[in-house]
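Trainee: Could you walk me through this model, one part at a time? I'd like to ask things as they come up.

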Amino acid sequence: MRITQGTFSFLADFSDSEIRAQVEYCLKNNWAVSVEFTDDPHPRNTYWEMWGMPMFDMKDAAGIMHEINQCRKAYPNHYVRVNGFDSTRGWETVRLSFIVNRPEHEPGFHVLRQEGPGRSIRYTLHSYATEKPKGERYK
Amino acid sequence: MNPDPVVPQNLPDDTPVDLEGAFRDSRIQEVLDQLDRELIGLKPVKTRIREIAALLLVDRLRKGLGLISGAPSLHMSFTGNSGTGKTTVAMRMAEILHRLGYVRKGHLVAVTRDDLVGQYIGHTAPKTKEVLKKAMGGVLFIDEAYYLYRAENERDYGQETIEILLQVMENQREDLVVILAGYKDRMEEFFRSNPGMSSRIAHHLDFPDYSPQELLSIAKLMLEAQQYHFSAQAEKAFQDYILRRMQMPHFANARSMRNALDRARLRQANRLFARNQARLTKKDLVTIEAEDILASRVFKEGMPDEKAGAKPGAAK
């Protein structure tokens with residue numbers, strides 16, 4: 001099951017030149033771009049591992065593309081995303097975040113039902129991938 | 001997203017080429033004119049810049065006709081004494097290369113050893129890479145580059161920086177241009193001990209010292225920029241000052257001129273106060289008089305005003 005998280009997630013995967021164009025857009029707006037990765041695809045998993053520091057004071061996408069490619073090389077079967085962080089007062093938040101790398105096979109989720117008091121049912125998601133320990137998922 | 005423009009193949013040999021039009025469109029003449037106007041002297045440097053501009057322009061035309069045009073290596077070394085305009089020219093160079101489409105952004109990142117070399121094992125590579133990433137799309141200016149290599153200490157972390165630099169200079173030529181700068185003799189020694197670096201640098205530009213006449217023109221330009229001017233006697237006195245100052249230690253060309261003018265402005269302000277004149281005119285405020293210059297220790301004691309001397313080679 002293809003995971004749809006972040007911006008552009010319902011589009012086909014971006015090519016490198018398309019990623020580069022998005023990064024240039026971030027830089028044009030003075031956003032700090034950062035690269036993050038994870039192998040836990042749960043939608044509530046907001047805190048991914050950082051691939052190095054967020055890159056402030058960058059003028060050109062070349063350096064960021066380099067980091068993205070390094071991260072993909074190190075974790076070819078992880079999810080890798082690119083964030084654009086806007087530090088201007090009032091925003092101070094991530095303005096753009098999109099996935100640039102995903103595992104070849106994404107097993108997806110199943111729904112867990114829990115019986116609550118008074119026959120109420122609580123639903124939650126469970127990712128098949130996380131049945132294996134961290135680092136061994138998506139081999 | 002942006003498909004490459006269709007490149008024509010096998011055009012006939014007599015296809016007309018609009019070199020002049022391309023030159024106009026790049027608006028490179030403006031930058032060259034500005035260079036001529038604002039930088040006094042430096043003849044060999046200007047010639048070389050013109051040559052590089054011509055090469056890049058022709059290269060671009062060749063590309064338009066579908067001819068092979070490998071990105072030329074444009075890494076440079078600027079050698080010369082302090083105050084000869086290395087940093088200033090580097091900044092212009094970034095702009096010129098940007099106009100010619102050789103670098104994408106045209107910013108200048110000026111660094112020294114401290115910005116590149118770490119303090120403990122494993123600190124250097126990330127630090128150097130960080131700087132390189134920031135410089136991408138523009139020009140990386142390494143001032144006093146010879147400090148990167150310390151012959152007496154083979155475990156110095158500078159070596160690591162040099163290796164990373166070499167790799168990027170070779171493999172990411174289209175992403176950034178590296179300019180190394182420093183004193184001539186020490187740079188030559190640096191290149192001797194790092195032949196790999198020397199062979200990757202295509203352009204060695206030597207910045208000659210300024211003649212007294214050029215120094216005077218520079219001083220006048222500086223004053224003009226600050227909206228001051230010399231009185232006729234002051235100009236004579238300053239000419240004399242230049243000749244004397246050039247013989248003294250720690251002479252730093254244009255930077256010494258800047259310092260001398262700053263001190264002359266200080267004395268001028270003092271003089272205006274001391275005279276306690278009720279009616280000053282605008283003319284008084286913008287004119288540097290001979291006495292402002294003659295009060296310098298260069299005339300009185302025969303030594304430069306700055307006690308510690310100008311820091312050699314320090315970029316402003």
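**Sheets, helices and the contact between chains**

Mentor: Four strands of chain A form an open sheet in the order 2-1-3-4, with antiparallel pairing. The edge strands are strand 2 (49-50) and strand 4 (93-101) of chain A, each of which pairs on one side only. Keep in mind throughout that this is a predicted model.

Trainee: Over how many bridges do strand 1 and strand 2 of chain A pair?

Mentor: Strand 1 (residues 32-38) of chain A pairs with strand 2 of chain A over two bridges, in the antiparallel sense. In strand 2 of chain A, E49(A) is the bridge partner of F37(A).

Trainee: And strand 5 of chain A, is that buried or in the open?

Mentor: Strand 5 (residues 109-115) of chain A lies largely in the open, because the number buried among its seven residues is zero. Strand 5 of chain A pairs with strand 6 (residues 121-127) of chain A in the antiparallel sense over seven bridges, and V111(A) stands opposite L125(A) of strand 6. The hairpin of these two strands of chain A has five residues between the strands, and there G118(A) takes a positive phi near 65°.

Trainee: Switching topic: how many residues of chain A are in contact with chain B?

Mentor: 11 residues of chain A are in contact with 11 residues of chain B. On the side of chain A that touches chain B, helix 1 (16-28) and helix 2 (61-74) of chain A each supply at least two residues. The residues on that side of chain A divide into four nonpolar, three polar and four charged.

Trainee: Where does K59(A) lie, and what does it touch?

Mentor: K59(A) lies in the loop between strand 2 and helix 2 of chain A. Not counting residues up to four places away in sequence, K59(A) touches L27(A) and, in chain B, K105(B), H107(B), K134(B), G137(B) and G138(B). K59(A) counts as partly exposed, because it has 19 C-beta neighbours inside 10 Å. In sequence K59(A) and E24(A) are 35 residues apart, and in space they are 8.7 Å apart, C-alpha to C-alpha.

Trainee: K134(B) came up there, so which residues of helix 6 of chain B are buried?

Mentor: The buried residues of helix 6 of chain B are T124(B), K127(B), T128(B), L132(B), K133(B), K134(B) and A135(B). What covers them includes helix 2 of chain A, together with strand 2 (108-111), helix 5 (113-116), strand 3 (139-143) and helix 7 (158-171) of chain B. Helix 6 (residues 124-135) of chain B has 12 residues and reaches 17 Å from its first C-alpha to its last, close to the 16 Å expected at 1.5 Å a residue. Just after helix 6 of chain B, G137(B) takes a positive phi of about 85°.

Trainee: What about the largest nonpolar core, which residues touch the most other members?

Mentor: Of the 70 residues in that core, V23(A), M93(B), L97(B), V139(B), L140(B), V178(B) and I179(B) touch the most other members. Leaving aside neighbours within four places in sequence, L140(B) is in contact with V109(B), V111(B), L132(B), A135(B), L176(B), V178(B) and I179(B). There is also a second, separate core of 19 residues, which includes A219(B), F230(B), A260(B) and I293(B).

Trainee: Now helix 11 of chain B: why do its buried residues line one face?

Mentor: The buried residues of helix 11 of chain B are A234(B), A237(B), F238(B), Y241(B), I242(B) and R245(B). Seen down the axis of helix 11 of chain B, these residues fall within an arc of 150°, so they line one face of the helix. The face of helix 11 of chain B turned away from the buried side carries the exposed residues A232(B), L243(B) and Q247(B).

Trainee: What do those buried residues of helix 11 of chain B pack against?

Mentor: They pack against several elements of chain B, among them helix 10 (212-225), helix 12 (253-275) and helix 14 (290-294). A290(B) is found in helix 14 of chain B, and, leaving aside neighbours within four places in sequence, A290(B) is in contact with S231(B), Q233(B), A234(B) and A237(B). A290(B) and A237(B) are 53 residues apart in sequence but 5.9 Å apart in space, C-alpha to C-alpha.

How values were computed:
Residues are numbered from 1 along each chain as its sequence is written. Chains are lettered from A and ligands numbered from 1 in the order in which they are written. This is a predicted model: local features need pLDDT of at least 70, side-chain atom pairs count only at pLDDT 80 or more; totals for chains, interfaces and linings use all residues. Two residues are in contact if their C-beta atoms, placed from the backbone, lie within 7 Å. Ala, Val, Leu, Ile, Met, Phe, Trp, Tyr, Cys and Pro count as nonpolar, Asp, Glu, Lys and Arg as charged, and the others, Gly among them, as polar. The expected span of a helix is 1.5 Å times one less than its number of residues. A residue is buried if 20 or more other C-beta atoms lie within 10 Å of its own, exposed if 12 or fewer, and partly exposed in between; C-beta atoms are placed from the backbone. The arc is that of the directions from the helix axis to the C-beta atoms. A nonpolar core is a set of buried Ala, Val, Leu, Ile, Met, Phe, Trp, Tyr and Cys residues joined through C-beta atoms within 7 Å. Two strands pair if DSSP finds at least two bridges between them.
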